[in-house]
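The cut-offs behind each term are given where the term is used.

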Amino acid sequence: MASAFAGFGQSRTASLEYRIREFVKRRGKASRSEILRAFSGDLDAATFGTIVDTLVASGVVSMETTPRGYSLKWEGKDG
C-alpha cells in the first residue's frame with residue numbers, strides 16, 4: 001500500500017526517479033543507454049546523473065561497469 005500514491009504531488013525529478021527505479025526493478029538490470037532511450041522524451045543526461053546518484057546512494061540499485069558504460073542492477077530494496 002506504500003506505493004498507492006507514488007508519483008502524486010511530487011516534483012518532476014521525483015516522479016522520474018520513481019519511474020526509473022520501477023523500470024530497473026522490473027528488468028532486474030538495465031544499461032544507461034536502455035534507460036535513456038526508454039525515457040528520452042522526459043530525461044536529459046544531467047538529470048539522469050542526479051537520479052542515478054540518488055538511487056545508488058540509497059542502496060536501491062548498484063552500478064556495474066560494462067565495456068559500453070554502465071548498468072544499474074536492482075538490489076531488492078524499496079528505499
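The report below treats a helix, its cover and a sheet.

## Basis

This is a predicted model, in which local features need pLDDT of at least 70 and side-chain atom pairs count only at pLDDT 80 or more, while totals for chains, interfaces and linings use all residues. Residues are numbered from 1 along each chain as its sequence is written, and side-chain values use heavy atoms, with hydrogens and water left out.

## Helix H3

Helix H3 covers residues 45-57, where helices (H or I, at least four residues) and strands (E, at least two) are DSSP runs numbered from the N terminus. The buried residues of H3 are Thr47, Phe48, Ile51, Val52 and Leu55, buried meaning under 20% relative accessible area and exposed over 50%, with partly exposed in between (1.4 Å probe, protein chains only). Seen down the axis of H3, these residues fall within an arc of 135 degrees, taken from the directions from the helix axis to the C-beta atoms, so they line one face of the helix. The face turned away from that buried side carries the exposed residues Ala46, Asp53 and Ala57.

Just after H3, Gly59 takes a positive phi of about 85 degrees.

## Sheet

An open sheet of 3 strands has the order S1-S3-S2 with antiparallel pairing, two strands being paired if DSSP finds at least two bridges between them. Strand S1 (29-31) and S2 stand at the edges, each with a single partner strand, so one side of each is left without a neighbour in the sheet. S2 and S3 are joined by 6 bridges, and Ser62 has Lys73 in S3 as its bridge partner.

Conventions. Expected span 1.5 Å × (residues − 1).
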